[in-house]
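Please read the following points beside the sequence and the model.

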Amino acid sequence: MKSIGLFWLKNQQIENKCEKCPYNSQEQPEQEKNNQEGNENFDFQINLWNSKVKDTKKRVVFQFKAIDFGVICPLSTKKLIFLFPFEVKRTDFYDLVKCLSLNTDLLCTVFNEDLKSSSEPAKSYHTIDGDSSNIHYLMYELSKENIEEINYDAQLNLTQITITINSNFNKDKFLAYRLFLRFRIKLDSFSAFAKKKKVSNDWLQSAFSSTYMFDIRLNDVRELSKKRKELVEHQGFKLPVFSKVHFFYMADSEEIVENGSSIQLDKRLLENDRWHTYLGDNFEFASENIAHHWKKKEEFKMSLSKVSNKGSQNTRIDTITKREPVREFTIFFKTEFSDIRLKRIVGYLFLIIILGALSSTIASILFG
């Protein structure tokens, strides 16, 4: 399967404000250099929705298919480029920050933290702070003015979306903050991420059930368009590194999910009442849902290094902590779900009727 791609470009004006920062000294210790590089880490969250939803206005139930992206990035981010291995239209793109800013309970649920949010009417961002954590985010609203480009290449089946951050944030005022974006893309199908198959080991069950084989990839350079990656990097963009990546698959509780990845899977029941407003106006869940969660985090490894003192033959052994960030994310999982095929069921009934009639005819001939 093709990979989702994410590239970023710094706002050099914000970066230059810190040129005199003592942490930029050439004599900066290795540990402090690691911490400074860590300030450019991204956090990334993907929510893939496959749930039964009721439209309370039209009184109809339908399958809600969408993919949400939550991006936590450095405040110095000027532009982001997303590469999606499917067609995205402008009408499929929805910003979710406004919804989160109006519902504190939902915001706390998304981050699984006790948070407080504050806003200024004239600003397009909201500050998020955690009482007992190091969470300090500027939650930034996206609109059509931020969407510089949505370009679909039919030959590659690839959509490039370029998002521009139009605010120059006060670096001194928001020194401890990072930027947070969240948006949704409506999906017509899961064909970009999954292969759908019949349940082949049971002829009767195959009339009522199907399976999806999901292969989710983020920044897997082997599955990105080489020429598009080359072009984006030529424009000054680069692949980010991640401190952690979360992937959630939200599905009906009746759906069976089998983990095929080395990353551990954990599950929890979704609080439907908290998530109603997140779906959109007049929408609510029509069944219970389970959040299936995979997480990959950066690792820290200790190593020993010999250090020689200048003008002395004495050496000492120091410990160095080496950061190993997440550079790509891939998982595989399989699901089994209810999928009634009327044609097959009618065929089975027709076959049963024919076999019944045939056996009745044979019995009448033999014993009549």
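1. A residue is called buried under 20% relative accessible area, exposed over 50%, and partly exposed in between (1.4 Å probe, protein chains only). The model is predicted, so local features need pLDDT of at least 70 and side-chain atom pairs pLDDT 80 or more, while totals for chains, interfaces and linings use all residues. Residues are numbered from 1 along each chain as its sequence is written, and side-chain values use heavy atoms, leaving out hydrogens and water.

2. The structure holds 17 salt bridges, a salt bridge being a side-chain nitrogen of Lys or Arg within 4 Å of a carboxyl oxygen of Asp or Glu. One of them joins Lys52 and Asp252 (3.2 Å, N to O). This pair links distant parts of the chain, 200 residues apart: Lys52 belongs to strand E2 and Asp252 to strand E14. Strands (E, at least two residues) and helices (H or I, at least four) are DSSP runs, numbered from the N terminus. Asp252 is buried, at 5% relative accessible area, whereas Lys52 is partly exposed, at 37%.

3. Glu230 and Lys227 also form a salt bridge (2.7 Å, N to O). About one helical turn separates the two, because they stand three residues apart in helix H5. Glu230 is partly exposed, with a relative accessible area of 46%, and Lys227 counts as exposed at 57%.

4. Is Glu141 buried or exposed? Glu141 is buried yet has no salt bridge; Lys98, the nearest side chain of opposite charge, is 4.1 Å away. Here Lys and Arg count as positive and Asp and Glu as negative, with His and the chain ends not counted.
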